[in-house]
Amino acid sequence: MNGDGRRDIVVTNWCDSNVNIGNCDHPGLAGVLLGNGDGTFQPVVVYGAGGEDTRAVAVSDVNGDDIPDLLVASCGPYACSDSSPGGAVAVLLGLGDGTFQPAVTYGSGTYFAISAADVDADGKMDIVVSNWTCAKNEVGCVDVMLGNGDGTFQNAIAFDPQSVNAGPNAVAVADLNGDGRLDLVATHGFGNGLNLPPGTVDVLLNQGQSSRSTTTAVVGTVNPVQPRQRVDYIATVTTASGLTPTGTVSFRDGNQTLGTSPLFGNQARLNYIHYTENDLGAHSITAVYSGDADNDPSTSPVFTENVQWSSRVDLTTSGSPSFVGQSVTFTATPISHGNFVPDGEVVTFFDFKTEIGTAATAGGQAKFTTSSLSSKRHTIRAAYPGDAIRQPSTASVPQVVNKYSTTSSLTSSPNPSVQGQTVTFTATVTPSGPFTPTGKVKFLDGTTGLGYATLSGSVATFSKPHLAVGTHSITAQYLGDATSDKSTSSAVSQVVNP
């Protein structure tokens, strides 16, 4: 237990906590006696096992650190009877020096025996315990707690449930039928609850993964593939045992064998296949591993290979640049091998990555019209979905959308004015398009801003009461909106007299 090469002793303390037999104040204990190497041992060091009446112990490395850990089964109070399933399974992780971390408990039942084994062949140690009561329904069973590999365990899975007072007293783990799977054996002191003589033995054959089991997967290097285009198929064989598989892999297209290749490492490759025009459509490719002395055969899931002609899309715009709110029509023309005239296939149109609409092909083309594009440079994309014998394809076209130009003019009143007199400036914004300009106008004295005013019916007014004596060069800058572009008026010379 401490790695010094000397055998140690691990014991459990089972005494009837319901009846005063000797010193039984703390019945839920496990003890470790480190060996001196000469047949004598150091004083016992006890550890709480998280339950009462500890009945059995197993030693195993359950967290993969190469240090022995303790697994302890407690059957609970009241003389381990079926009236109070208060026992637990405790895991005490070893520290490597013969001492252990505090117990972490799992389950609730009347546990009489415990073993550690990898029953699901996943490389992680599991716990197998005999349970007299199976907790809730008071029937006997064998519990399996699958390990997570880090010293923790999943909830118990119950097997072999039996009638009241017929719980298993002991359990063992071994491969009983040579299939590479670990099976369970349980003993029943009450004849298995089936009116059999006492001493029945139950054999539970493992239906899960075998240590000989394998899994096979297959992929193609090109999918979809065109007629006369090369494609290779690669099969990968994974073994539960971790042993490198040998043997061969047969590659099949449905029931037809395409070829057989030997394994190198854990992979086999079928050198190129050339499909023809007669092979257009979907093909169900599987890889069948032959197995060897240590590994079982296996067949891969289907890899669907699509043999299709390539396609392309010609995409045009009815005009670029266009103006905001103006209708623009995009025309997609799918093109493929032979006398192909698409009819009915739905083409999806995108503004970069955002879908903006769909259109069905008719007479070989799909047309989509929109007037919702904002003012900027857009990348319009059309996606043709393909069909059973033609591959999908996309194309894009730039679409520039401009705002309508505007013209700004400015007047002032009075002009000239007298120092201290309020002067009102009026800006008028005239659009070139169908939309009335909105937004703000900025008024400037040379390069110095005087203030802002909001357009109302294309007109904005701004009053200034304190212009200095002299001549001021006043301009109005329209700042634009979603449809109307910016513009700046000609300068107005505002004279202010003393």
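About 40 Å³ of space lies in the largest cavity of this structure, and that's where I'd like to start, everyone. Please keep in mind that we're looking at a predicted model. The structure holds one cavity of 30 Å³ or more.

So who sits around that space? The lining of the largest cavity includes Ser 322, Phe 323, Val 324, Gly 325 and Gln 326, with Val 328 joining them. Thr 370, Ser 371, Ser 372, Leu 373 and Val 401 also line the largest cavity. By class, the lining of the largest cavity has five nonpolar and six polar residues, and no charged ones.

Staying in that part of the sequence, have a look at Pro 321. Pro 321 is in the loop between strand E23 (311-317) and strand E24 (322-323). The peptide bond that leads from Ser 320 into Pro 321 is cis, with omega near 10°. There's another cis bond to show you, from Asn 415 to Pro 416, and there omega is near 10°. You'll find Pro 416 in the loop between strand E31 (406-413) and strand E32 (417-418).

The largest pocket has a volume of about 270 Å³. It is lined by 14 residues, and those closest to its centre are Val 119, Val 144, Phe 159, Leu 184 and Asn 206. What classes of residue make up the lining of the largest pocket? Nine are nonpolar, four are polar and one is charged.

Ile 9, Val 11, Phe 41, Val 44 and Val 46 make a nonpolar patch of about 360 Å². One of these, Val 46, is found in strand E3 (residues 45-48). Val 46 has a relative accessible area of 48%, so it counts as partly exposed, since exposed would take over 50%.

Asp 66 is not a glycine, yet its phi is positive, near 65°. Asp 66 lies in the loop between strand E4 (54-60) and strand E5 (69-74). Ser 458, again a residue other than glycine, has a positive phi near 75°. Its loop runs between strand E35 (448-454) and strand E36 (459-464).

Are these residues buried or exposed? Asp 66 has 73% relative accessibility, so it counts as exposed. Ser 458 has 13%, which is why it counts as buried, the limit for that being under 20%.

Definitions and conventions:
Residues are numbered from 1 along each chain as its sequence is written. This is a predicted model: local features need pLDDT of at least 70, side-chain atom pairs count only at pLDDT 80 or more; totals for chains, interfaces and linings use all residues. Side-chain values use heavy atoms; hydrogens and water are left out. On a 1 Å grid over the protein atoms alone, a cavity is a set of points where a 1.4 Å probe fits but cannot get out, and a pocket is an open set with protein on both sides within 12 Å along at least five of seven lines; lining residues have an atom within 4 Å of a point. Grid points are joined across faces, edges and corners, and a volume is the space filled by probe spheres set on the points. Ala, Val, Leu, Ile, Met, Phe, Trp, Tyr, Cys and Pro count as nonpolar, Asp, Glu, Lys and Arg as charged, and the others, Gly among them, as polar. Patches are made of residues with over 30% relative accessible area and no salt bridge: like charges are joined within 9 Å, nonpolar side chains (Val, Leu, Ile, Met, Phe, Trp, Tyr) within 5 Å. Accessible areas come from the Shrake-Rupley method with a 1.4 Å probe; for residues, only the protein chains shown count as cover. A salt bridge is a side-chain nitrogen of Lys or Arg within 4 Å of a carboxyl oxygen of Asp or Glu. Helices (H or I, at least four residues) and strands (E, at least two) are DSSP runs, numbered from the N terminus. Buried means under 20% relative accessible area, exposed over 50%, partly exposed in between (1.4 Å probe, protein chains only).
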